[in-house]
Amino acid sequence: MRSSRADIEVTTWVTKHVGGDGSGTRLFPEPIQRGDTVRTALRRFTHRFPELDSALWSPDHSELGSHIEVLVNDAVLGVAYDLDTPLVGGERITLLGQFMGG
Amino acid sequence: MSPTATTTRAAAKPAATPTFAYAGKLLRVNLSTGKTWTEAWSENDRREYLGGVGLGAKILYDEVGPKAQWDHPDNRLIMATGPLAGLPVWGTGGLTVITRGALTGGATSTQANGFFGAALKYSGYDAIVIQGQAKKLSYLYINDDVAEVRDAAHLAGKDTWETQQALETETGLAGHRLSVYSIGPAGESLVRFAAIQGDYGHVASKNGCGAVMGKKKLKAVCIVRGTKALAARDTRGLIQAADDIAHDLKTDPSTSTLYNWGTLPGVVNLSKLGALPIKNYTTNVITGVDMTEWEATKLRAGFDHRGHQCNACGMHHCHIQVIPKGPHAGERVDEPEYEGWSGAGWTIGLTDKVPVSWLNTRIDRACVDVNEFGWVCGWVMECMEKGYLTEKQVGFRLSWGDVEGAYKLLQMISHRQGFGDLLAEGVKRASEKVGGKAAECAIYTMKGASPRGHDHRGRWEEMLDTCTSSNGTMESANPTFQTEVGAPGRINPFDGEQVAKLVGMIRGRRHFEDSLGGCSFTFRTKMANLARALSAATGWDYRLEDAVRFGNRTAAILRAFNLRCGIGPDVEYPSVRYGSQPVDGPAKEHDVRKQWDHMLDVWYDTVGYDRKSGKPRKETLRALDLDWLAKDLYKK
C-alpha cells in the first residue's frame, strides 16, 4: 500500500525561504489529498512560506518561475511528471535552486 | 631591465568626439619587429563593435586569413576589454582573449577578470592587438605611454604565479596596481590546451590561447595601473544602474547564490541533475561520499580563506585559501571555481577536497585548461583501468583519485615529456591516435573543443551550444533571465526541439556581456540593465534590442571566420562518449543522439543559418546590417 504523503525536499539556497540558512536539505512530509497533483501539493506547501511562494511561482501564480528547478523522484518536470500529474503518495518532490556559473 | 624595443607613443591628437567610457585607442604590437604603436578607433566603430569579443571578432576576420593557422605569425592575439572596464560597476577588470585557437583551428573568445581591463583602460588603451613572433622569449610591459617588448629570459620555465611574483618584484608593485597575465610551462611547450592565467587565479582558458601566446614567445603581459582619466557621460546614471545591478545580484533568487558563494553550489546542485561529471562520464551515481560536505558553505569553511575580489567587485566570489593539512599544508591556493572542483576532482575520481584544491591551482600555475585536463586525465585513468592503455605506454600506473599521479601527468603534459607529448595534443587527437576502444572513451566535440566541466548528457542545451558554437567553447551559455528575449522560463530539458529553440533564442547575450569589459558573474542581471549602464557610460541610447542585435552580429562574424577556416556543420557533433546515454543516474533514460539531427535542424532555423552550408542566410545578415559579410560569404 502506498504512503499517503509526499516528501518535499528543499535544498541548498532555497532552504533560506523555509527558515534554513541556505545550505543543506530540509525535508517536509506533505499529506496527499484525493485529487492532488504536483501543482496543488506545491501550492499548499508554498502557501505556508511566503518567500518561497514568490520565488517558486510566476507573478500570477499560473506557472513556475524560472529560478527553482522542480524534480519528482530525481527527474526534472516534463519527463515522467509535469505540474498536473496526479500524486499517488510516496513521491519525493525536490526544490533545487537554479545553478548559474561555470 | 633594458627593453629589446621601445616606442613612446606619439602625442595623440584631440579626439574629434568625446570618448566617454573608452580610452579611444588600440595598442598594436608586432613581436617580429618589436614595434608598438597606437591606433585610434572611431565613435562609429565603438558603437558597432563595443570592445571585447565584438571588437576582437572583427579584427580577427579582417586580419587573419585562412592560411594563417593558429601558430602562424600572422595570427592575432587580441586582449580586449570594454566600455565598462575601470568604471564603478562591479567586476569591471574584464579581459576577453580572441584569437585563432590551437584546439579547433578556429575562432576563440575566452574571458577572464582580475584587474587587467581596468589597468589597461587607465593606461589609455581599450585593447592590445598582438601579431608576429618574437625571436626570443619576451614580455610586454605597459605603463601609461610606455609600451615595451622586454626580454623575458629570466622568466623562462616559471609557472604563472612565479612569473607574476617576479614581475611584482621587478616593478615594486602588486595587488591592483599591477596586472599580469602570463603563460606557464604548458604555454611555452605549445600544449594545445594551454591557457593564459592572470592576477592569481583568473584564467582565459579556452581553445589553446596560451599555445598561441607561447608560439609568439610572449611570456607575459604586464600592465601598471595607469593614470589616464576615464569618464562616464552620465556619472549619476551609471552609478544608479550599477546600484540596481548590485541590488539584483544580492536579492534575486537566482543570483544571490553567486553573490554569496560564487560557483561553489554547482557541485551539489549539478549532482542532483545528473550533470556533475563523475569519473569521465562512467557513472552519475555517487557512492561513499557525504554530499552535505560538498555544499558551498562547507567548501568554503574547510579552508582558511580571504577575499580576492576583482576590480570594483562587491561579490563574495573569488577567494584565496590555505591548504590546511597533508603534504602541501600551508600553501596558498586559489579557491576552485565549480569547474575546478569538477575538472581537478570529480572527473578524475578525486573527492577529497584538500588535494582537489591544491591540484586545481597547480593546473592554473602550469597554465592548463582545467576542463580539458579533466577530460585527458580521466580518459587515461579509465583506459588504464580497462586495459586500453598500459603502464608501459603511459610510463606509470594511474588510477582514479590518484592526486600525485594526476600531478605527475600534468607535469608530463606541460613539458611534453614521454606520453605527455601525445596528451598535450588534447584528448581528441590523443584518443584518435591511440584508437580502438580507447577512442570511444574520450570526451570532446568533433570540432576539437573542450566541453565545460559538466556532464552535458544531463544538460543538453550546453552540449548543443558547445557543438554549434564558433568560439571554441559555449556562446549561448546558461539561460539567464531568458524571458526578457521572449524565451520560455522553463523547458523540458530532454525535449530536443525545446532545447534547440531555447539555445538559438538566447544566443547573443554572452557576446554582449563579453564585450563590455566586465565579469559574466557580476553581469548576471537583465540585459536591459547592462544596456542602461552602457548608455550612461557612453551617452548612447542603447537598448535591449541593440544588445541582442550586437550579440548576433558578433556570432555571425565568428561563424563566417570559422567557415573560412573550413569548420562547418559536418563537425557539429559530440564524440561517442560525450553524446552517449548515461548508464545510471537522473538522466539515464535519455539519449541525446536520437534527437541530435532534429536539434540541429531546429537550431539552424532559429538562428537563421543555412543547415547545409552553415552560412548565416542572406536575409539574416541583412537584418543584422552585415551586408559586407554577406558579400564575402556569398561571392561567386
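In what order do the six strands of the open sheet in chain B run? The order is E3-E2-E7-E4-E5-E6, with mixed pairing; strands here are DSSP E runs of at least two residues and helices are H or I runs of at least four, numbered from the N terminus, and two strands pair if DSSP finds at least two bridges between them. From one strand to the next, the twist averages 20° (axes are lines fitted to C-alpha atoms, for helices over the stretch in contact, and angles run from 0 to 180 degrees between N-to-C directions).

This is a predicted model, so to speak of local features takes pLDDT of at least 70 and side-chain atom pairs need 80 or more, while totals for chains, interfaces and linings use all residues. Residues are numbered from 1 along each chain as its sequence is written, and chains are lettered from A and ligands numbered from 1 in the order in which they are written.

Back in the sheet, strand E2 (residues 25–30) of chain B pairs with E3(B) in the antiparallel sense over six bridges, and Asn30(B) stands opposite Lys35(B) there. Helix H2 (residues 52–63) of chain B lies across E4 (77–80), E5 (95–100), E6 and E7 (127–131), at about 20° to E5(B).

Chain A has two helices and five strands, in the pattern β-β-α-α-β-β-β. Buried residues (20 or more other C-beta atoms within 10 Å of their own, C-beta atoms being placed from the backbone) make up 39% of its 102 residues.

Note on methods
A residue is buried if 20 or more other C-beta atoms lie within 10 Å of its own, exposed if 12 or fewer, and partly exposed in between; C-beta atoms are placed from the backbone. Two residues are in contact if their C-beta atoms, placed from the backbone, lie within 7 Å.
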